[in-house]
Amino acid sequence: LTVYDCSLVSDGAAAVVLAAEDKAARFSSRIARVRAVAQTSDSFALADKEDITSFRAVENAARRAYEAAGVGPANVDFAEVHDCFTIAEILATEDLGFVAKGEGGPFAAAGCSRIGGRLPLNASGGLKAKGHPVGATGTGQICDLVTQLRGDASALQVARHRIGLAQNLGGSGGTCVVTILEAA
Amino acid sequence: LNIEPLPDGIVYTETVVHSAPERYLGEAPYQIGIVEIPGLGRVTARILAQLPDAPAKIGDRVVFTRWRDGVPYFTPATHNVVGT
């Protein structure tokens with residue numbers, strides 16, 4: 001990894017307002033629905049992982065989130081993934097089931113993950129272009145999903161925006177949270 | 001605390017650190033890697049290769065050299081032991 005492969009550790013803050021479904025309309029007419037949140041863990045040290053080209057925590061969180069939401073990777077319209085490094089987006093593309101193992105790199109190179117591509121990933125710029133305020137990054141991804149679900153992303157708006165997925169990683173893949181939101 | 005020597009291993013993956021944390025600034029560039037020890041598993045290790053000319057490569061055999069701060073140090077089997 002060289003300097004341009006690495007996200008920018010930056011300052012930042014993010015917040016979301018959560019409400020029970022029957023109360024949400026009181027606060028906003030433009031809500032997003034939480035379809036699933038799944039958190040998993042795995043060995044922290046890379047040396048303890050079965051495979052260093054895949055994060056088991058991500059695979060497990062994705063599987064649980066898809067099951068809970070009753071959707072599959074093919075139903076996801078766009079996603080924000082934890083591209084702390086260039087390779088991390090490629091691994092995420094594969095571990096989230098968007099493409100087969102080994103296809104994450106070609107998927108990005110072919111432009112499939114661009115805005116206007118088959119599956120826009122990190123329309124916000126992601127960690128690498130938007131910045132990575134570590135403690136705020138995960139919640140920031142949720143804000144980015146909601147902005148897209150509402151159609152408020154202006155120049156960064158993706159065409160299909162009914163179901164969005166966020167994948168947040170911690171500690172060299174030691175923890176992962178996958179969230180699936182749906183436009184209300 | 002690890003004080004027992006480790007058996008020899010095989011380089012599973014490696015990289016050279018050029019931008020080191022403060023504590024190791026004076027040592028950069030240096031090589032680190034994951035070393036597979038048959039029958040025991042894998043360890044994250046420092047690899048004492050001749051840099052920049054002869055970094056250890058994936059698949060190379062490495063010999064345990066010492067423990068330092070809880071980190072095992074290995075030397076490529078084809079080299080003389082560096083800095084024991």
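Which loop of chain A holds A:Ser124? A:Ser124 sits in the loop between helix H4 (104-109) and helix H5 (126-130) of chain A. The model is predicted, so local features need pLDDT of at least 70, side-chain atom pairs count only at pLDDT 80 or more, and totals for chains, interfaces and linings use all residues. Residues are numbered from 1 along each chain as its sequence is written, chains are lettered from A and ligands numbered from 1 in the order in which they are written, and side-chain values use heavy atoms, with hydrogens and water left out. Helices (H or I, at least four residues) and strands (E, at least two) are DSSP runs, numbered from the N terminus.

**Loop residues of chain A**

- The side chain of A:Ser124 reaches the backbone nitrogen of A:Gly126 at 3.0 Å.
- Leaving out residues up to four places away in sequence, A:Ser124 touches A:Glu80, A:Lys130, A:Asp144 and A:Leu156. Contact here means heavy atoms within 4.5 Å.
- A:Ser154 is not a glycine, yet its phi is positive, at about 40°. A:Ser154 lies in the loop between helix H6 (134-149) and strand S3 (163-170) of chain A.

**Strand pairing in chain A**

- Strands of a sheet pair through backbone hydrogen bonds, either parallel or antiparallel. Two strands count as paired if DSSP finds at least two bridges between them.
- Strand S1 (residues 32-41) and strand S4 (residues 175-183) of chain A are antiparallel, with 9 bridges. Within S4(A), A:Ile180 stands opposite A:Ala36.
- S3(A) and S4(A) also run antiparallel, joined by 8 bridges. A:Leu169 faces A:Cys176 in S4(A) as its opposite residue.
- The hairpin of S3(A) and S4(A) has 4 residues between the strands. In this hairpin, A:Gly171 takes a positive phi near 50°.

**Salt bridges**

- Side chains of opposite charge can pair when their charged atoms come close.
- A salt bridge is a side-chain nitrogen of Lys or Arg within 4 Å of a carboxyl oxygen of Asp or Glu. Over all chains, the whole structure has 16 salt bridges.
- One pair is A:Arg35 with A:Glu182, whose closest N and O atoms are 2.7 Å apart. This pair links distant parts of the chain: A:Arg35 is in strand S1 of chain A, A:Glu182 is in strand S4 of chain A, and they are 147 residues apart.

**The barrel of chain B**

- Chain B has a closed barrel of 5 strands, in the order S1-S2-S3-S5-S4, with mixed pairing. From one strand to the next, the twist averages 45°. Axes are lines fitted to C-alpha atoms, for helices over the stretch in contact, and angles run from 0 to 180 degrees between N-to-C directions.
- Strand S1 (residues 9-17) and strand S4 (residues 61-68) of chain B run antiparallel, with 2 bridges. In S4(B), B:Val62 is opposite B:Gly9, and B:Arg61 is the bridge partner of B:Ile10.
- S1(B) also pairs with S2(B), antiparallel, over 7 bridges. B:Val35 in S2(B) is the bridge partner of B:Val11.

**Cis peptides in chain B**

- The peptide bond joining B:Ala28 and B:Pro29 is cis, with omega about -5°. B:Pro29 lies in the loop between S1 and strand S2 (30-37) of chain B.
- The bond from B:Leu51 to B:Pro52 is cis too, with omega near 0°. B:Pro52 is in the loop between S3 and S4 of chain B.

**Contact between the chains**

- The size of an interface is often given as the accessible area lost when the parts come together.
- Chain B and chain A bury about 430 Å² between them, 53% of it on carbon and sulfur atoms. Buried area is the accessible area (1.4 Å probe) that two parts lose on being put together, summed over both.
- In chain B, B:Tyr12, B:Ile34 and B:Arg42 lose the most area to chain A, together 77% of what that side buries.
- The contact involves 6 residues from chain B and 7 residues from chain A.
- Between the two chains there are 0 salt bridges and 2 residue pairs in polar contact, both at pLDDT 80 or more. A polar contact is a pair of N or O atoms within 3.5 Å; within protein, one must be able to donate a hydrogen and the other to accept it, and residues adjacent in sequence count only if both atoms are side-chain atoms.
- On the side of chain B that touches chain A, S1 and strand S3 (41-47) of chain B each give two or more residues. S3(B) gives the most, with 3 residues.
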